[in-house]
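Trainee: I have a model open and would like to go through it with you. Can we start with the fold and then do the charged pairs?

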Amino acid sequence: MTSDHIKLFTDMKKICFSLIFSFLVFFGPFCVISKAQEEKTVIKGKVIDLVCYLDHGAEGEKHLKCAKTCIESGLPVGLKGEDGKLYIIVGEHKPINKELVSKAQQLITVKGKVVSKEGFNLIENAEIVQ
């Protein structure tokens, strides 16, 4: 390789790097925003205390006081979805119990990333819509 070839090759690398960098700077934020928006799902259902519900089917007005106590104490909280699925609900890398204790046994709508694995359904980064 001659010095002219090496210089040409070096110049081409610089141009390619500049084009790729410019593309990422300009279009990168749009790609991240659209991906984050795609991951959000809206689900409507009843807020339940998962421990009592799974253990002995407890729900409804008779169980309201106990459900509030369990949710407030930090036990797992879930959503019995109108789609027939049972979901564990968590906030953004933290429990969402404080926000849901007053909504025990009520129908609410939440928005978040829904994932399912090995029979479990999870709504993560959940936000209460209603």
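Mentor: We will take the sheet, then the helix on it, the core and the salt bridges.

Trainee: What should I know about the model and its numbering before we start?

Mentor: This is a predicted model, where local features need pLDDT of at least 70 and side-chain atom pairs count only at pLDDT 80 or more, while totals for chains, interfaces and linings use all residues. Residues are numbered from 1 along each chain as its sequence is written, and side-chain values use heavy atoms, with hydrogens and water left out.

Trainee: OK. In what order do the strands close into a barrel?

Mentor: The 5 strands of the barrel follow the order β1-β2-β3-β5-β4, with mixed pairing. On average, neighbouring strands of this sheet are turned by 55 degrees against each other, direction ignored. Strands here are DSSP runs of E with at least two residues, helices are runs of H or I with at least four, and both are numbered from the N terminus. Two strands pair if DSSP finds at least two bridges between them.

Trainee: How many bridges join β4 to β5?

Mentor: 7 bridges, and β4 and β5 (residues 120-128) run antiparallel. Lysine 111 has glutamate 127 in β5 as its bridge partner. The hairpin of β4 and β5 has 2 residues between the strands, and glutamate 118 takes a positive phi near 50 degrees there.

Trainee: And how do β1 and β4 pair?

Mentor: β1 (residues 40-49) pairs with β4 in the antiparallel sense, over 7 bridges. Glycine 45 stands opposite isoleucine 108 in β4. Threonine 109 and lysine 44 are 65 residues apart in sequence, yet their C-alpha atoms are 4.2 Å apart.

Trainee: Is threonine 109 buried or exposed?

Mentor: Threonine 109 counts as buried because its relative accessibility is 8%. The cut-offs are under 20% relative accessible area for buried and over 50% for exposed, with partly exposed in between (1.4 Å probe, protein chains only). Threonine 109 belongs to strand β4 (residues 107-117).

Trainee: Switching to α3. Which strands does α3 touch?

Mentor: β1 and β2 pair in the antiparallel sense over 5 bridges. α3 packs on the sheet and touches β1 and β2, its direction making about 120 degrees with that of β1. Axes for such angles are lines fitted to C-alpha atoms, for helices over the stretch in contact, and the angles run from 0 to 180 degrees between N-to-C directions.

Trainee: Which residues of α3 are buried?

Mentor: Ala67, Cys70 and Ile71 are buried in α3. They are on the same side of α3 because they cover an arc of only 95 degrees around the axis, taken from the directions from the helix axis to the C-beta atoms.

Trainee: What is on the face turned away from that buried side?

Mentor: That face of α3 carries the exposed residues Lys65 and Glu72. Just after α3, glycine 74 takes a positive phi of about 100 degrees.

Trainee: How many residues are in the largest nonpolar core?

Mentor: The largest nonpolar core has 16 residues, and those with the most contacts inside it include Leu79 and Leu100. Such a core is a set of buried Ala, Val, Leu, Ile, Met, Phe, Trp, Tyr and Cys residues joined through side-chain atoms within 4.5 Å. Leaving aside neighbours within four places in sequence, leucine 100 contacts Val47, Ile71, Val77, Ile89, Ile108 and Ile128, where contact means heavy atoms within 4.5 Å.

Trainee: Now the charges. How many salt bridges are there?

Mentor: The whole structure has 4 salt bridges, each a side-chain nitrogen of Lys or Arg within 4 Å of a carboxyl oxygen of Asp or Glu. In one of them, lysine 40 pairs with glutamate 127, with the closest N and O atoms 3.0 Å apart. Lysine 40 lies in strand β1 and glutamate 127 in strand β5, so the pair ties together parts that are 87 residues apart in sequence.

Trainee: Which residues are linked in a network of salt bridges?

Mentor: The network links Lys46, Glu59 and Lys80. Between lysine 46 and glutamate 59 the closest N and O atoms are 2.6 Å apart. Lysine 46 is in strand β1 and glutamate 59 in the loop between α2 and α3, so this pair ties together parts that are 13 residues apart in sequence. Lysine 80 is also the bridge partner of lysine 46 in β2.
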